[in-house]
Amino acid sequence: MLLRASYFGSIVLQTPAVLDSPLKLELRVLAPPHCTIKPSGTTISVTASVSITLVPPNQPEVQLSSMIMDARLSAKMALRGNALRVHLDLRKFRIYSNQSALESLALIPLQAPLKTMLQFGVMPLLNERLRRGVQIPLPEGMDFVREVVTNHAGFLTIGADLHFAEGLREVIEKNRRPANTVDSGAPSAPPPSTAAA
């Protein structure tokens, strides 16, 4: 907080009881992430706002600062088994003030520490949640082998060989629905009545 002059203007005007209140850090994504696919790789750009406020009990919140954060991540796509997975790496990070240019200059020394904190604190948690990937449904007895994911201009191609854990005929027979099914639980027709002699 000592690097930013606007903090002093907000803090000096507060009473001691308010200054003892807890701080709240709010991170809000301003727009959906933008994904760019090129032959050289896939990148994801994210823009978010960071707000720091005091939260005194039974009183309105007091905003101390508001900043904008831009991050660019590289995404590596891979097909493992029957799951399409992605691994993210933080490449570029920038934080600046949306209130004044002087505050943006004061934030420059914080760029490197915040980027390191994100790389070692946030990115492992994010990649752990992404490890499950998107499941690709396959019939029982079939698996992908020799998976390949290739980047192109604006799209990805995903290729793999199919491996049958059982014979092809057994897999087809197991997943094919019979054309004619008879409901064994349906009541049978009554026998025709016979005329009395």
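Helices (H or I, at least four residues) and strands (E, at least two) are DSSP runs, numbered from the N terminus. With a relative accessible area of 12%, Asn127 is buried; buried means under 20% relative accessible area, exposed over 50%, and partly exposed in between, using a 1.4 Å probe and protein chains only. Leaving aside residues up to four places away in sequence, Asn127 touches Val86, His87 and Leu88, where a contact means heavy atoms within 4.5 Å.

## About the model

This is a predicted model, in which local features need pLDDT of at least 70 and side-chain atom pairs count only at pLDDT 80 or more, while totals for chains, interfaces and linings use all residues. Residues are numbered from 1 along each chain as its sequence is written, and side-chain values use heavy atoms, with hydrogens and water left out.

## The overall picture

Stepping back, the protein has 5 helices and 8 strands. Their order along the sequence is α-α-β-β-β-β-β-α-α-β-β-β-α.

Of its 197 residues, 25% count as buried. Among contacts with a separation of 6 or more, 53% join residues 24 or more positions apart. The protein exposes about 14100 Å², and carbon and sulfur atoms supply 61% of that area, as given by the Shrake-Rupley method with a 1.4 Å probe.

Strands E7 (residues 142-151) and E8 (residues 156-164) pair in the antiparallel sense over 8 bridges; two strands pair if DSSP finds at least two bridges between them.

## Salt bridges

Side chains of opposite charge can pair when their charged atoms come close. The whole structure holds 5 salt bridges, each a side-chain nitrogen of Lys or Arg within 4 Å of a carboxyl oxygen of Asp or Glu. One of them joins Glu61 and Lys24 (2.9 Å, N to O). This pair links distant parts of the chain, 37 residues apart: Glu61 is in the loop between strands E3 (41-54) and E4 (62-80), and Lys24 is in strand E1 (residues 23-29). Glu61 is partly exposed at 45%, and Lys24 is partly exposed at 32%.

Another salt bridge joins Arg94 and Asp70 (2.9 Å, N to O). Arg94 belongs to strand E5 (residues 83-97) and Asp70 to strand E4, 24 residues apart. Arg94 is partly exposed at 43% relative accessibility, whereas Asp70 is buried at 19%.
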